Amino acid sequence: MAKAIEKKDKFHTDKSPTWCPGCGDFSIWMALKEALEKLQLEPEKVVIVYGIGCSGNMANYVRTYGFHGLHGRALPVGEAVKMINPGMTVIVVGGDGDGLGEGIGHFLHSVRGNHDLTYIIHDNQVYGLTTGQTAPTSAKGFVTKSTPFGVLEEPVNAAALALAAGGHFVARGFAGEQMHLVDTLVRAIQHPGFSLVDVLQPCVTFNDLNTYAWFFERIYKLEESEYAPNDRMQAMVKAMESATLPIGVMYEGESTPYHLGVEGLDISKPLAEQKLKPRNISTIVEHYL
C-alpha cells in the first residue's frame, strides 16, 4: 500500500492549484501526471517549460524540473534544454494566447525544425488570466471586454498550422475526456521529434460560449472510427472540420528529431558533463580582420 501511494505521488507537489473550480486546467494537469506515470518516467528525467498564463501556474503543481519562460517564449527554452541535455524528456506547456498569439512565430519554427519536445496547448479560446480578452483562437463574432462588438478575425487553428508547417505528430485532446487525453499524451511524448497536443478546454469564468456542454455536443474520437493517422492531407481535412471537432491523433509520420541532425553534437551525455577541447580559432578571426 505504501508503495502504491509513493508511486501515485511521484509527480505531486505539496502545492494546491489556484485555478477556478471547474477549470479545464485541472483535467490537463491530472492527465499529464498520469501519462508520465504510464511511461514510467522519473521526475529528475523530465523538464517542463511553462509559458505565461493560467496554464503556466502548473509549474508549481508537477514535481519535475520546471522553467517559467517569458510570454510566448517557452518553446525556444524547451529547444535549448533538449539540445544541451538530449537524455531528458522535454515538455512545453502553454496557453493558446501564449503560443498562438505572442509566440506564434516560435511555434511554426519549432514545428518545422522538428525539435524533440511535446507541446501541450491549453486552448480555452480566451485570455483567462487577464480576465477575459479575445484570444487568437476565439471564434469569429465572439464578444469579450476587448471586442464588445465581436471578433472580426478568423480563429487560429493550431492543428492545421502544425500540419502545414510539416509537423510529424499532430493531435487534439479535450479536457472533458481525461483518460482519452492520457493516452494521447503518452503517444505524443513517445514520438521522436516535435509533437503537438492542442487541448480544447472550457474557461468556466470568462468564456460562456465554449462550455463543457458545447464541446460535448461537437467532439468525437478518431480512434472510434476507421481513421488512420498516416495521411497528411486527410489529417488537414480533419483539422479543418468546424461543425464537429475530432479529438485524438490526426497525423503521425516518420520523424528524425532536430538534435540528431546537428553535426558534432555529442548526445551521449549532457553538455555540462562533456570535456570541451581547446580549439584554435585564430584562422577564423583573421579572416574577418
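This is a predicted model: local features need pLDDT of at least 70, side-chain atom pairs count only at pLDDT 80 or more; totals for chains, interfaces and linings use all residues.

Start with its largest nonpolar core, which has 32 residues. Leu 32, Leu 36 and Ile 91 have the most contacts inside this core. Several elements give two or more residues to the core. They are helices H2 (24–38) and H7 (178–190), together with strands E1 (46–50), E3 (89–95), E7 (169–174) and E8 (195–200).

Now zoom in on Leu 36. Leaving aside residues up to four places away in sequence, which ones does Leu 36 touch? Leu 36 touches Phe 11, Leu 41, Val 46, Val 62, Thr 64, Ile 91 and Ile 189. There is also a second, separate core. This second core has 28 residues, including Leu 75, Val 81, Val 111 and Tyr 251. In soluble globular proteins, nonpolar side chains tend to be buried together.

Step back to the whole chain. The protein chain has 10 helices and 10 strands. Its radius of gyration is 20 Å, close to the 19 Å that the globule rule gives for 289 residues, so the chain is as compact as a globular protein of that length. Its C-alpha atoms fill a box of roughly 65 × 55 × 40 Å along the principal axes. Of the 289 residues, 47% count as buried. Consider contacts between residues at least 6 apart in sequence: 71% of them join residues at least 24 apart.

The chain has 24 positive and 32 negative side chains. The centres of these two sets lie 5 Å apart.

Note on methods
Residues are numbered from 1 along each chain as its sequence is written. Side-chain values use heavy atoms; hydrogens and water are left out. Helices (H or I, at least four residues) and strands (E, at least two) are DSSP runs, numbered from the N terminus. The radius of gyration is taken over C-alpha atoms; the globule rule is 2.2 Å times the number of residues to the power 0.38. Buried means under 20% relative accessible area, exposed over 50%, partly exposed in between (1.4 Å probe, protein chains only). Contact means heavy atoms within 4.5 Å. Lys and Arg count as positive and Asp and Glu as negative; His and the chain ends are not counted. The place of a charge is taken as NZ of Lys, CZ of Arg, CG of Asp or CD of Glu. A nonpolar core is a set of buried Ala, Val, Leu, Ile, Met, Phe, Trp, Tyr and Cys residues joined through side-chain atoms within 4.5 Å.
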